[in-house]
Every structure is written in C-alpha cells, then in structure tokens.
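Please open the structure in your viewer and keep the selection tool at hand.

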Amino acid sequence: MSTVIKNGTVVTADLTYKADVKIEGGVITEIGPDLKGDEQLDATGCYVMPGGIDPHTHLEMPFMGTYSSDDFESGTRAALAGGTTMVVDFALPNPGESLLDALKRWDNKSTRANCDYSFHMAVTWWGEQVFDDLKTVIEQRGINTFKHFMAYKGALMVNDDELFASFKRLAELGGIAMVHAENGDVVAELQAKLLAEGNTGPEAHAYSRPPQVEGEATNRAIMIADMAGVPLYVVHTSCEEAHEAIRRARMQGKRVWGEPLIQHLTLDDSEYTHPDWDHAARRVMSPPFRNKQHQDSLWAGLQSGSLSVVATDHCAFTTEQKRFGVGDFTKIPNGTGGLEDRMPMLWTHGVATGRLTPNEFVAVTSTNIAKILNCYPKKGAVLVGADADLVVWDPDKTKTISAATQQSAIDYNVFEGHEVKGLPRFTLTRGQVAVHDGEIRTQEGHGKFVAREANTTVNKALSTWKELTAPRPVERSGIPATGV
Ligand code: URP
Ligand code: ZN
Ligand code: ZN
Ligand code: ZN
C-alpha cells in the first residue's frame, strides 16, 4: 500500500520546491514530479513540511501535589491536531530513586501515545546510583538529554555542586545537559517576602520570578557547562537577560542552545493582572510571561539564529487544579498547555507577519531540534528514507482557538479567542493520516519510542574547556622549608 501527496510545495529547513512525495511502509520512498500511488492526498495550495517536534512536554506528570491533566493519549492527539508528530517528554525520578525505575513509569504511560515520542530524563538528585545510571540510560536506553532544575527549591532543585558533578559525568558519556534556569534560592526568598506582605494572588507569581532570576541562572549554567565541557540546552528561555547570555556564549563558540516557548512569544505579563483570578492562575507557569521588550528579544533571537527551537512546555492543569493556590500563589500548579497551538500560532505571528520564512519555521519547529537530539534525518526531514512524519500545511486555512474545540483534556485554553491563519490539512504519523481538515483519525498506541544515541561529535567540538581542565603544576627552582 503506497500513498502519494500530490501537487504540494515541499518546504524543508533549506529548500522550497514543487514535488510529490511517495510513502511506503511508513517512510518516504520517492520525491519528484508526477508520482503514482494506491492512495492520493491532495496538497494543492499547501506546503509539505516535516511534522513538528515538540521537545518539551510534561504528560501525566506528578507535580506540585497533583498530576498534569493531559496524558500520552490526549497530549499526542492534541499534538497531531496541530501538526506536531513527535513529542519529547521529561521522565522525572523521585529523590533517591534510580533513573531506571523512573523510566519504567514513563514506559508504561507512553504506550498510549498516538505519535512517536522520546524521553529526556531529569537529574533531580546526585549520588553514586545516578552516576552509574546515567551510563546505562545513555548507552542502553537511547536517551542523551538530561534536565537539571535550578529552581523549585525543596522539590526538584539541584545545587551547583550537583550540577557540576552531573555535567562532568554527561561530558564523559556524550550526553547533553539541559537546565531550567531560574535561581531557586532567590525565588524562594521573594515568594516568602511577597506572601508575608499579603501578596497572595497569581500576579505575585510573576513578581517572585523577575528576569534577573533567570538571567543569573542562565549565565551560571553556561559557565558551569563550559567548565565541565558539556553542551548545554536551556529550556523555556523567556527573557532578554537569558537570551543575552545564550547569544554571547554562542558567539564565543560554546555549544549552547536556547528554547523559547510559543506562550512567551505571544502572551505577555498583563495576563497576571487580569481581574478574574482563574484567568490569571491558568497562565501561571515558570518562567512567567514577560513584557513586550522581552518578547521582541525572543523574536529577534529566532530571526538571527541565536535561539534555536520553539517548544511548548505543555504541562496542562485544569481550573480546579489551579485553584489549589487560592490564598497562596506558590501552591498554584505551574504550567500551561500549547501542544495543539504551537505551529498555527507560530505561523500566524511569525510567518504571516514576515518575521520568519517558511524555511525558518521548519527549522525552529522541527529540523533544528532533530539535529540537536540526534534523531535527524529519521525525524525533522523530507528525504527519501526518513519517517513519513509530515504535515500538509494550508497557509490560508483559519480558525479561532477555543477550549470548546480543542483536543487537550483541560477546560480552558490560554490562547482562547486568538485567530490563527495556517493549519494542517493533513497530519501524517509514519505515513498514516492522523488528522484531515480537523477530523481526528488518531490511533491510540501507534506511537513508538525514538531512541537517540549520544552525539559525541558535538561534545568534542567545545570551545574553551580543554584549557580549563588541563592544569599543570608550576615548576619552581626551590621550595621553602616548612615546620621550622
Ligand atoms: O511552569 C512550568 N514550566 N511547569 C512545568 C515544569 C517545568 O518547569 O518545566
Ligand atoms: Zn522547567
Ligand atoms: Zn517543562
Ligand atoms: Zn494571536
């Protein structure tokens, strides 16, 4: 059984050209003019692009006394509805738990996925067990990326000594370090002060996490990564201070990547002073939304290439869950949704406004992260031999985003009311049509785990660390006597 996508324009991170795309056995087998197949999908007026990869999701994640409300079924269904064909979720060990035991839980949850997926792991504590587990996870489980929380003090946060130890181990093993970069000690102190002064509402969440908190931690993580000799991926980069640190590091030749979220690019901090408590609390996430100047910085980063990937950090909580924080903003579960809306929102506010080219859109939603994660060109490519994870994108199709029509399991949408122009006509997961013009044909359990090997080439191409880690004792002509 073969499928041909007819009469479309292929758009990759590099090229734009008219061609049909033939699919057999879930992979692309031919690209060219006038192809024939058993089944035809009409792509007239559409772009044929690599399906999106969202490298930052938290599906059914235990967090802040509850579980995020989209699981691997509803989360990947939402992803496919919006043109995303692969998600990368974070497997989180409990303090003291082995990484391999934590992975078992994620293996069980992910059997319901409608599209392909991979995992990052979090390093939430440090010890001999983690030192050993990292080798097993990288070499036997195909996971090469490890997140470190520099915030959430008393829960997921690791300190600088743990960060340095873990980064050095990852450098040895060819892993990539990831950081949630916020200074958790400063946040904890600001939270306590705000609460003591009677600032209990959701707006205080933003006051407790100013851009300086993120800028400081981003700089610190970059310097520690440089000393350890490990490439660094900074998740949810939300402000100029963090972007500046990443930009500078990249100009110095350091292997550092920044990941803005679609929420930070398109929503701002005025959401937190909304008179409706629920409206504001639904938008509580870390880092918080920022003002227009920070948004402009993030867009400039995508345009110039100093920021590499647009993600969602999809971590969806219902209104009822958000209300755990009535009277104390520190108890509002942190996280927002976005999986279904990332690609249409980025197209609308990026490509349709002229900020990004369609090729840049493909780069930041798919190809760049496939390369960083070391699963390119299986994913992130329109090439013969690549998985047929494709989106047939109609740049003229419009809709108004609404919780009433979304796939996510929660009862609201942070983009409610936004008009988007640019939506999937078809989304294909390994050659199977999962979505056609908004009609959902997903298949629970169709998704497979994507293993990713350590990328030792990138790890060898670091800038300054070799000098820092190769100290030599100074040869002296005489040493003074002691103990006289
Ligand atoms: O607020 C957020 N971002 N929640 C999800 C967990 C994380 O920090 O990524
Ligand atoms: Zn985070
Ligand atoms: Zn996250
Ligand atoms: Zn909008």
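For the first stop, a classification is needed: Ala, Val, Leu, Ile, Met, Phe, Trp, Tyr, Cys and Pro count as nonpolar, Asp, Glu, Lys and Arg as charged, and the others, Gly among them, as polar. Please bear in mind throughout that this is a predicted model.

**Stop one: ligand 1**

Select ligand 1 and display its surroundings. The shell consists of 14 residues, and the closest are Lys147, Tyr152, His180, Ser286 and Asp313. By the classification above, this shell divides into five nonpolar, seven polar and two charged residues.

Now turn to individual atoms. Select Tyr152: an N or O atom of its side chain lies 2.7 Å from an oxygen atom of ligand 1. Select His56 next, where a polar side-chain atom is 3.5 Å from an oxygen atom of the ligand. With Asn334, the backbone is the part to display, for one of its polar backbone atoms lies 3.0 Å from a nitrogen atom of ligand 1. How much of the area that ligand 1 exposes when taken alone does the protein bury? Of the 270 Å² that ligand 1 exposes on its own, the protein buries 100%.

Select the zinc ion (ligand 2). Its protein donors are Lys147 through NZ, His180 through ND1 and His236 through NE2, at 2.1 to 2.5 Å. Along the sequence, these donor residues follow the spacing K-x32-H-x55-H. Lys147 belongs to strand 13 (residues 145-149) and His180 to strand 14 (residues 176-180), so this pair ties together parts that are 33 residues apart in sequence.

Are these two residues buried or exposed? Lys147 is buried, as its relative accessible area is 1%. His180 also counts as buried, with a relative accessibility of 0%.

**Stop three: the zinc ion (ligand 4) and helix 13**

Select the zinc ion (ligand 4). His349 (NE2) and His418 (ND1) coordinate this ion at 2.0 to 2.3 Å. His349 is part of helix 13 (residues 342-351), whereas His418 is in the loop between strand 17 (390-400) and strand 18 (419-429), so the two tie together parts that are 69 residues apart in sequence. His349 counts as partly exposed, at 24% relative accessibility, and His418 is partly exposed with a relative accessible area of 22%.

The buried residues of helix 13 include Arg342, Met343, Leu346, Trp347 and Val351.

**Stop four: backbone geometry**

Most residues other than glycine have a negative phi, and most peptide bonds are trans. The next selections depart from that pattern.

Select Ser286 and Pro287 together: the peptide bond between them is cis, with omega near -5 degrees. Pro377 is placed in the loop between helix 14 (358-373) and strand 17.

Which phi value does Asp313 have? Although Asp313 is not a glycine, its phi is positive, at about 55 degrees. Asp313 is in the loop between helix 11 and helix 12 (319-322), and it is buried, with a relative accessible area of 7%. Glu60 also has a positive phi, near 50 degrees. This residue lies in the loop between strand 8 (52-57) and strand 9 (62-63) and is partly exposed, at 29% relative accessible area.

**Stop five: two buried loop residues**

Select Thr318, found in the loop between helix 11 and helix 12. Its relative accessible area is 18%, and the cut-off for buried is under 20%, so Thr318 is buried. Leaving aside residues up to four places away in sequence, Thr318 touches Ser69, Ile410, Asp411 and Tyr412.

Finally, select Glu271 in the loop between helix 9 (262-266) and helix 10 (277-282). Glu271 is buried as well, with a relative accessible area of 16%. Apart from residues up to four places away in sequence, Glu271 touches His279, Ala280, Arg283 and Phe289.

Note on methods
Residues numbered from 1 in each chain as written. Chains lettered and ligands numbered in written order. Predicted model: local features only at pLDDT ≥ 70, side-chain atom pairs only at ≥ 80, totals over all residues. Heavy atoms only, no water. Helix = DSSP H or I, 4+ residues; strand = E, 2+ residues; numbered from the N terminus. Buried < 20%, exposed > 50% of the residue type's maximum accessible area, 1.4 Å probe, protein only. Contact = heavy atoms within 4.5 Å. Near = heavy atom within 4 Å. Polar contact = N/O pair within 3.5 Å; in protein donor to acceptor, adjacent residues only side chain to side chain. Areas by Shrake-Rupley, 256 points an atom, 1.4 Å probe, with all protein chains shown as cover. Donors = N, O, S within 2.8 Å, 3.2 Å for Na, K, Ca; no water.
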